[in-house]
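Here are a few friendly notes to read alongside the model. Please have it open as you go through the points.

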Amino acid sequence: MKIIKNCNMAEYTSFKAGGTCERLLIAESESELSDTLKEISKDDKKHLLLGNGSNTLFADGLYEGTVIKLGDEFNKITASGNILSCGGSALLSAAARKAMDLGLGGLERISGIPGSIGGALFMNAGAYGSEMSHVVKRAYVMKSDGGEAYWVSKDEMNLGYRTSRFKDSQEIILKVEFQLEKKKISDIKLLMDEYTNRRNSKQPLNLPSCGSFFKRPEGHFAGALIQNSGLAGYSIGGAQVSEKHCGFLVNKGGATASDVLALKDFVQKTVKEKFGVELEPEVRIIK
């Protein structure tokens with residue numbers, strides 16, 4: 001078990017901004033994780049699980065609790081037939097590459113999402129018309145108090161647009177199985193390259209961000225609403241509405257979490273005033 005006290009969470013999140021937490025624990029085994037959760041639950045301490053930090057922003061100041069990450073023991077990827085089994089801390093991009101090497105299709109559209117497997121399932125991540133719910137079979141999870149671990153089927157996950165049962169249950173996703181299909185490796189690679197090129201051409205991948213900051217409002221696209229509000233390039237401190245893709249808020253240099261949250265509030269207020277549409281953050285904001 002690795003323990004980091006007063007940990008700077010900017011180092012563990014893709015926006016490269018944010019405050020600190022009292023301690024960060026990196027669990028290297030199921031037993032370590034269980035013992036940790038039991039200890040925290042017994043003392044009724046505040047805690048949360050962090051995946052790859054690609055969709056999470058910690059507010060400035062101190063998070064008075066424990067942040068838990070899954071270590072290398074949980075990033076293994078194996079396959080049996082058409083089933084791809086991935087540890088909760090494995091990267092979705094690594095899973096997609098492994099699937100391609102094995103001639104297993106289904107992850108091509110979401111292969112560029114920078115999150116962990118557990119984090120992606122937690123929010124039912126998606127892109128280009130595909131999402132985790134389209135390919136997940138079941139998940140092996142641990143109760144939030146560390147008491148037991150068990151399998152949860154896809155039908156039990158309550159998967160919806162950027163949500164799942166795990167947001168309420170706080171179960172820890174240890175392993176995910178995907179139901180994929182046999183395809184030609186060349187066809188899989190062609191699709192993955194196509195979506196990679198789309199991302200590279202349309203998204204500001206050269207600057208720290210949390211990806212698309214807002215959920216897609218019904219009947220609209222968040223990026224178009226923000227652009228049509230005249231906010232492309234608008235900045236507060238080091239946080240900026242990307243000029244390349246207005247759905248992204250980026251760290252153009254030295255941004256604090258307070259800058260990001262102030263910009264979020266201003267974008268929401270402006271879009272609401274101009275179009276009467278409420279923008280809801282997709283990013284997980286920890287205060």
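1. Let's start with Lys264, which sits in helix α7 (residues 257-275); helices here are DSSP runs of H or I with at least four residues, strands are runs of E with at least two, and both are numbered from the N terminus. A word on the source: this is a predicted model, in which local features need pLDDT of at least 70 and side-chain atom pairs count only at pLDDT 80 or more, while totals for chains, interfaces and linings use all residues. Residues are numbered from 1 along each chain as its sequence is written, and side-chain values use heavy atoms, with hydrogens and water left out.

2. Is Lys264 buried or exposed? Its relative accessibility is 11%, so Lys264 counts as buried (buried is under 20% relative accessible area, exposed over 50%, partly exposed in between, with a 1.4 Å probe and protein chains only). Beyond its neighbours within four places in sequence, Lys264 is in contact with Phe213, Phe214, Leu249, Pro281 and Ile285, where contact means heavy atoms within 4.5 Å.

3. The side chain of Lys264 also makes a polar contact of 2.8 Å with the side chain of Asp265. For that term, a pair of N or O atoms must lie within 3.5 Å; within protein, one must be able to donate a hydrogen and the other to accept it, and residues adjacent in sequence count only if both atoms are side-chain atoms. Glu32, by contrast, is 232 residues from Lys264 in sequence and 38 Å from it in space, C-alpha to C-alpha.

4. Helix α5 (residues 185-202) deserves a look too: its 18 residues reach 26 Å from first C-alpha to last, close to the 26 Å expected at 1.5 Å a residue (the expected span is 1.5 Å times one less than the number of residues). Which residues of α5 are buried? They are Ile188, Met192, Tyr195 and Arg199. These residues lie on the same side of α5 because they cover an arc of only 70° around the axis, the arc being that of the directions from the helix axis to the C-beta atoms. In general, an α-helix has 3.6 residues a turn, so residues three or four places apart point the same way.

5. Covering the buried residues of α5 are, among others, α2 (92-101), β8 (104-105) and β9 (126-127). On the face of α5 turned away from the buried side you will find the exposed residues Ser186, Leu190 and Asn197.

6. Now the aromatic rings: the structure holds five aromatic pairs. Rings of Phe, Tyr and Trp (its six-membered ring) pair if their centres lie within 6.5 Å; planes under 30 degrees apart count as stacked, over 60 as edge-to-face and the rest as tilted. One of the pairs is Phe58 and Tyr63, edge-to-face at 6.0 Å centre to centre with 80° between the planes, and both residues are buried.

7. Tyr234 and Phe266 form a stacked pair, because their ring centres are 4.5 Å apart and their planes are at 10°. This pair links distant parts of the chain, 32 residues apart: Tyr234 is in the loop between α6 (222-228) and β16 (235-236), and Phe266 is in helix α7. Tyr234 is partly exposed at 33% relative accessible area, and Phe266 is partly exposed at 29%.

8. Finally, Leu225 in helix α6 is buried, with a relative accessible area of 6%. Leaving aside neighbours within four places in sequence, Leu225 is in contact with Pro217, His220, Val271, Phe275, Val277 and Leu279.
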